Amino acid sequence: MTLTITKPLLRKIAGRRATDKRLTELADAMNRHFPEYGITTVLRASHFFGQMIVESGGFTVFRENMNYSATRLLQVFPRHFTTAQARAYAGKPKKIASYVYGNRGGNGAEQSGDGYRYRGAGIIHLTFKANYRKFGQAVGVDLVANPEKAAQSDIAVRVALAFWKDLNLNHYADADEVDDVTRRINGGYNGLQERIKQTMRVRRILLNGVPAQGPGPHAAMLRRKTKGPAVEALQSRLKELGYPVGAIDGDFGSKTEKAVKHFQRMHGLTPDGIVGPATNAKLANVEISGRDDPSPIRETPKGPAVFPRQRDVPQFYGARGQNQRRIRLPFKMRLAWDLSKSVSRVPMHEKCADSAERIFKRIHEHYGDDEIKRLGIDLLGGTLNVRRIRGGAGWSMHSWGIAIDFDPAHNQLRWGRDRARFAQPEYEQFWKFWEEEGWLSLGRSRNFDWMHVQAARL
Ligand SMILES: [Zn+2]
């Protein structure tokens, strides 16, 4: 399909602050260059825009400012400045950039001024001499000799697209993984929440702009075997709402049909798998609040298990250490305190055992063996353990076999999200799987004990 980025559409996407002249130039460049870089689907375009909006401040900042107060310097570049140094550099953008970007990414030392010359530019905020060289070559402009050109609209768009291609970001956009796209662009997860928000917002704008296709009175009817951009829009929308549709390929196949029927059932419509006016209206009106608050909709809707509050645990689960069953783990875990011991079954209370099994399965499907190892999800800190709370009189939730600890060494009891490993964005989905079934993370709700998840509310 071809996406046409009109200026009014780009205005909606960019927000109010960008100038008309900029938007006209950018829209023009995008229409000319999107197709050759494969930005041809709503999904890819929404990821591209979501990132660019954050990088360029809604297409308003085309050269990184680098004018910081002493306080900000200490916050933004804590490893580069002592308090005294920060005072000496404050308010001197040239000095600041030359110093913090010096001696890396192909830049010379501070005195060379490279750090300032090759500071963030364009819509993706291209930074460092080596990148100016590489992506200048990719678009046929000598950006090393003429760094200011990186801020011109046409070059900025082409550089961003070349960068996008170089990092294979269409691949991650197709998988709809804002985290992965972010990590590749940013090197970390700066502004991840904002990037997710913007990606979703742009997607809604773009989907509203896609007309239903096909001639005749049934123009808006989509059903099995229909193909085209309207189907792609439908698939994106279903996916956004949490329904598994498989690939977003514009081809209305069995998975799409299944997702449509599921959606229809969930909203009191006749589950015929045909998208007509009623289903369309529902699809357009269901509120979504982005990935932060996914609807708990699964392929087999069971409704989340309801677990008791902590104080009702004895009444709900019964005697401590009783009613246990050994659940089978879909991946091998290792005992965190003795890595030579591997574990394939763990005891859990029978009232939450099914739920835990389902969640482990989803974790396994989502991350796969290698990621599970890399992330330390396979490090078991303990499940059933009849004992008192550390430093307290009450019984630990582990006493009923309704809690699991992961990787205790990297998620120590008193560590907050600044230190705990499982507080990092890569674990977002891990926690969502638990939370969708009604489990509770003490880390996510109280910001301590990030190793721990339990089948009881606070
Ligand atoms: Zn625990």
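For the terms, I took two strands as paired if DSSP finds at least two bridges between them, and I took helices (H or I, at least four residues) and strands (E, at least two) as DSSP runs numbered from the N terminus.

Before going on, I wrote down that this is a predicted model, in which local features need pLDDT of at least 70 and side-chain atom pairs count only at pLDDT 80 or more, while totals for chains, interfaces and linings use all residues. Residues are numbered from 1 along each chain as its sequence is written.

**The chain as a whole**

I looked up the overall figures and found 19 helices and six strands in the protein chain, whose C-alpha atoms fill a box of roughly 75 × 75 × 35 Å along the principal axes. Buried residues make up 38% of the 458 residues, where buried means that 20 or more other C-beta atoms lie within 10 Å of the residue's own, exposed means 12 or fewer, and partly exposed is in between, with C-beta atoms placed from the backbone. Of the contacts between residues at least 6 apart in sequence, 57% join residues at least 24 apart; a contact here means that the C-beta atoms of two residues, placed from the backbone, lie within 7 Å.

**Inside the sheet**

I then followed the pairings one at a time. Strand β1 (residues 324–335) and β3 pair in the parallel sense over two bridges, and R334 stands opposite L379 in β3.

Strand β3 (residues 379–382) runs antiparallel to β4 and is joined to it by two bridges, with L380 opposite F406 in β4. On β4 I also recorded three bridges to strand β6 (residues 452–454), again antiparallel, and A403 has Q454 as its bridge partner in β6. From β4 (residues 403–406), A403 and D405 point one way and I404 and F406 the other way, and all are buried.

**Helix against helix**

I returned to α17 to see how it meets helix α18 (residues 428–436), and found that their axes come within 9 Å and cross at roughly 155°. That makes α17 roughly antiparallel to α18, since angles under 35 degrees count as roughly parallel, over 145 as roughly antiparallel, 65 to 115 as roughly perpendicular and the rest as oblique. In this contact I359, R362, I363 and H366 of α17 meet Q429, F430, F433 and W434 of α18, and by class there are five nonpolar, two polar and one charged residues. Ala, Val, Leu, Ile, Met, Phe, Trp, Tyr, Cys and Pro count as nonpolar, Asp, Glu, Lys and Arg as charged, and the others, Gly among them, as polar.

Helices α1 (residues 7–14) and α2 (residues 20–33) pack at about 110° with their axes 9 Å apart, and are therefore roughly perpendicular to each other. K7, L10, R11 and A14 of α1 make this contact with L23, T24, L26 and A27 of α2, a set of five nonpolar, one polar and two charged residues.

**A loop residue**

Last, I checked Y101, which lies in the loop between α6 (93–100) and α7 (114–117). Y101 is buried, with 24 other C-beta atoms within 10 Å. Leaving aside neighbours within four places in sequence, Y101 is in contact with N107, G115, R119, T127 and F128. Y101 and R119 are 18 residues apart in sequence and 7.6 Å apart in space, C-alpha to C-alpha.

Notes
Axes are lines fitted to C-alpha atoms, for helices over the stretch in contact, and angles run from 0 to 180 degrees between N-to-C directions.
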